[in-house]
Amino acid sequence: MSDTKKPATPPGTPKDTHYAKLRRAHRDQKAGGPPAFRPKPKIAAGEGPADGLVRLYGLHTVRAALDNPARKIRHMLVTRNAAERLGIADLAALPFGAELAEPRDIDRITGSDAVHQGVLIEAEPLKSKRLDALGDTNLVLVLDQVTDPHNVGAILRSAVAFGAGALITTTRHSPTESGVLAKSASGALEHIDHIEVRNLAEALGTLHDAGFQTVGLDSDGPLVVEKTFSGKKIALVLGAEGKGLRQKTRETVTALARLDMPGAIRSLNVSNAAAVALYAAGKWLGDSPPP
């Protein structure tokens, strides 16, 4: 028998292509996937804004800020695509400094985890109003030390959607205006009065004097919230998740009420609870006869 070697498989044959694909797949697996699908390196947020300013980002948030005459904007970074979506044809025509940027430029300021959608502004925070400037609204929300900015932002969005006239928070143990809060509010921050008070119990007393029924949301409330309402002015009072309303607040509100939840889960996120209670209060105020 002749001792002949089997000729090598020429490059480009199906077998060669098969093993090349296996080798590439192995390399991609070690690297975290094919190049097009590998996660981009995370970018940490840069330094905060100058003293006295806040950074707001996201298309809805910035659009609402642009439309709010009370909002004083100092500077904008915006991508070409975001400028088109915001309807900005000429950056030079804006009454504040603005410049085109790449998404990564904004990432370096907000951090890559922030969903900025290609636009960032630096602006002065909106001024908090006094409780005696509440106006003629008949529905307000009161937060008893709800500190999570995502929750407060979502509550603001529901408050505006259901026609609440103001959000009342305590000066301490409440989140300050920020990009996270404003993004969660999706523009609602610009459409509702924000009132800060030092003493919540005293503020509830002032609301009572102004004709408001103050209803505290509590899982052990004696009645469901729909059967608790009375009068033509309602202030819904919500506490932080976990600890709920503080004892002094529970003793000061006009009534404690619970949400009727017949399902297996007996509690809701505070922002979801606020939305349900706002709907119920709005329906009561709309359906109840005038005094």
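Student: What volume does the largest pocket have?
Tutor: The model is a predicted one, and the pocket is computed from its protein atoms alone. For the largest pocket, the volume comes to about 580 Å³.

Student: Which residues that line the largest pocket are the closest to its centre?
Tutor: The lining of the largest pocket is made up of 25 residues, and by class these divide into 11 nonpolar, 6 polar and 8 charged residues. Of the 25, the closest to the centre of the pocket are Leu126, Lys127, Ser128, Glu177 and His194.

Student: Which element gives the largest share of the lining of the largest pocket?
Tutor: The elements that give two or more residues to this lining are helix H5 (149-161), strand S6 (166-170) and strand S7 (193-197). The largest share amounts to 3 residues, and the element that supplies it is S7.

Student: Which strand and which helix each supply at least two residues of the lining of the second largest pocket?
Tutor: The second largest pocket holds about 400 Å³ of space, and of the 18 residues that line it, the closest to its centre are Leu217, Asp218, Ser219, Leu268 and Ala273. By class, this lining has 9 nonpolar, 5 polar and 4 charged residues. The elements that each supply at least two residues of it are strand S10 (234-239) and helix H9 (270-287).

Student: Asp218 forms a salt bridge with Arg250; how many residues apart in sequence are the parts that the pair ties together?
Tutor: In this salt bridge, the closest N and O atoms are 2.2 Å apart. Asp218 is buried, with a relative accessible area of 12%, whereas Arg250 counts as partly exposed at 28%. Because Asp218 lies in the loop between strand S8 (213-217) and strand S9 (223-224) and Arg250 lies in helix H8 (residues 247-252), the pair ties together parts whose separation in sequence is 32 residues.

Student: By about how much of a helical turn are Arg63 and Asp67 separated?
Tutor: The side chains of Arg63 and Asp67 meet in a salt bridge at 3.1 Å, N to O. Arg63 counts as partly exposed at 31% relative accessibility, while Asp67 counts as exposed at 52%, the cut-off for exposed being over 50%. Because Arg63 and Asp67 are 4 residues apart in helix H2 (residues 59-67), their separation is about one helical turn.

Student: Are Asp132 and Arg130 buried or exposed?
Tutor: Asp132 forms a salt bridge with Arg130, and the closest N and O atoms of the pair are 2.9 Å apart. As for accessibility, Asp132 and Arg130 are both exposed.

Notes
Residues are numbered from 1 along each chain as its sequence is written. This is a predicted model: local features need pLDDT of at least 70, side-chain atom pairs count only at pLDDT 80 or more; totals for chains, interfaces and linings use all residues. Side-chain values use heavy atoms; hydrogens and water are left out. On a 1 Å grid over the protein atoms alone, a cavity is a set of points where a 1.4 Å probe fits but cannot get out, and a pocket is an open set with protein on both sides within 12 Å along at least five of seven lines; lining residues have an atom within 4 Å of a point. Grid points are joined across faces, edges and corners, and a volume is the space filled by probe spheres set on the points. Ala, Val, Leu, Ile, Met, Phe, Trp, Tyr, Cys and Pro count as nonpolar, Asp, Glu, Lys and Arg as charged, and the others, Gly among them, as polar. A salt bridge is a side-chain nitrogen of Lys or Arg within 4 Å of a carboxyl oxygen of Asp or Glu. Buried means under 20% relative accessible area, exposed over 50%, partly exposed in between (1.4 Å probe, protein chains only).
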